[in-house]
Amino acid sequence: MGTDITCIWTDKKRTLFGLPLSFTRYFLTEKKFIIRTGFLNVHEAEFDLYRVIDKSLDLPLGQRMFGCGSLNITVRDADTPSVIVKSVKDPRKFMELFEEQVDIQRDKYNTRGRDMIAPEPPMPPEDD
């Protein structure tokens, strides 16, 4: 990561036995969530925290045995509408930190998740 970005949280995707043997890395900054994948060809996907609509926590037995879990995030973003943060250590602690940062950014931009959902289009008038 560059020196101009302050990371609040970072972790790698955990694989066998909860070990971070992966080229997928997650970064939580004050304003964005960044997913960096790859070794030689690096790809980064990011989204603004205030655009988060919903999140859920998955704790399958295989991940729970090693203190890991996955977070499913739904975002109002054209590039990454759904993000899965796979197999991270201490998932509940990460989810609390993530929620706190999302709320801070929503307060800053004066938005809520329901504000980003488009209303239904009006019905056309009936012809008599």
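This is a short talk that walks through one protein structure, from its overall layout to a few individual residues.

Hi everyone, and thanks for having me. Before anything else, please keep in mind that we are looking at a predicted model.

Let's begin with the whole chain. The protein has 128 residues, and buried residues make up 31% of them. Its secondary structure comes to two helices and seven strands. If you trace the chain from the N terminus, the elements come in the order β-β-β-β-β-α-β-β-α. The protein exposes about 8,600 Å² in total, and carbon and sulfur atoms supply 52% of that area. As for contacts, if we take those between residues at least 6 apart in sequence, 41% of them join residues at least 24 apart.

Which strands form it, and in what order? This is an open sheet of three strands, ordered β5-β6-β7, and the pairing is antiparallel. At the edges sit β5, residues 52–58, and β7, residues 82–89, each of which pairs on one side only. On average, neighbouring strands in this sheet are turned by 20 degrees against each other, if we ignore direction.

Let's zoom in on one pair of strands there. Strand β6 covers residues 68–75, and six bridges join it to β7, with the two running antiparallel.

Helix α2, residues 91–109, lies across β5, β6 and β7, and it runs at about 175 degrees to β5.

While we are at β7, have a look at Ser87, which is placed in that strand. Ser87 has a positive phi of about 45 degrees, although it is not a glycine. Is Ser87 buried or exposed? Its relative accessible area is 8%, so Ser87 counts as buried.

A second residue with a positive phi takes us to the other end of the chain. Phe17 is not a glycine either, yet its phi is positive, at about 60 degrees. You will find Phe17 in the loop between β1 and β2. With a relative accessible area of 54%, Phe17 is exposed, whereas Ser87 is buried.

Together with Leu16, Leu19 and Leu21, Phe17 forms a nonpolar patch with about 450 Å² of accessible area. Leu19 lies in the loop between β1, residues 7–12, and β2, residues 24–29. Leu19 counts as partly exposed because its relative accessibility is 40%, which falls between the 20% limit for buried and the 50% limit for exposed.

Next up, charges. Side chains of opposite charge can pair when their charged atoms come close. How many salt bridges does this structure hold? The count is four, and I'd like to show you some of them.

One is between Arg14 and Asp11, where the closest N and O atoms are 2.8 Å apart. Arg14 and Asp11 are both buried.

Another salt bridge joins Glu46 and Lys32, also with 2.8 Å between the closest N and O atoms. This pair links distant parts of the chain, since Glu46 is in strand β4, residues 43–48, and Lys32 is in strand β3, residues 32–37, 14 residues apart. Glu46 has a relative accessible area of 37%, so it is partly exposed. Lys32, at 29% relative accessibility, also counts as partly exposed.

Then we have Arg36 and Glu44, whose side chains meet in a salt bridge at 2.7 Å, N to O. Arg36 is partly exposed, with a relative accessible area of 22%, and Glu44 is partly exposed at 38% relative accessibility. There is a network as well: salt bridges that share partners join Lys32, Glu46 and Asp48.

My last stop is Thr24, which sits in strand β2. Thr24 is buried because its relative accessible area is 15%, below the 20% cut-off. What does Thr24 touch? Leaving out residues up to four places away in sequence, Thr24 touches Asp11, Lys12, Lys13, Ile35, Arg36 and Thr37.

Technical notes
Residues numbered from 1 in each chain as written. Predicted model: local features only at pLDDT ≥ 70, side-chain atom pairs only at ≥ 80, totals over all residues. Heavy atoms only, no water. Patch = residues over 30% accessible without salt bridge, like charges linked within 9 Å, V, L, I, M, F, W, Y side chains within 5 Å. Areas by Shrake-Rupley, 256 points an atom, 1.4 Å probe, with all protein chains shown as cover. Helix = DSSP H or I, 4+ residues; strand = E, 2+ residues; numbered from the N terminus. Buried < 20%, exposed > 50% of the residue type's maximum accessible area, 1.4 Å probe, protein only. Pairing = 2+ DSSP bridges. Axes fitted to C-alpha atoms, helices over the stretch in contact; angles between N-to-C directions. Contact = heavy atoms within 4.5 Å.
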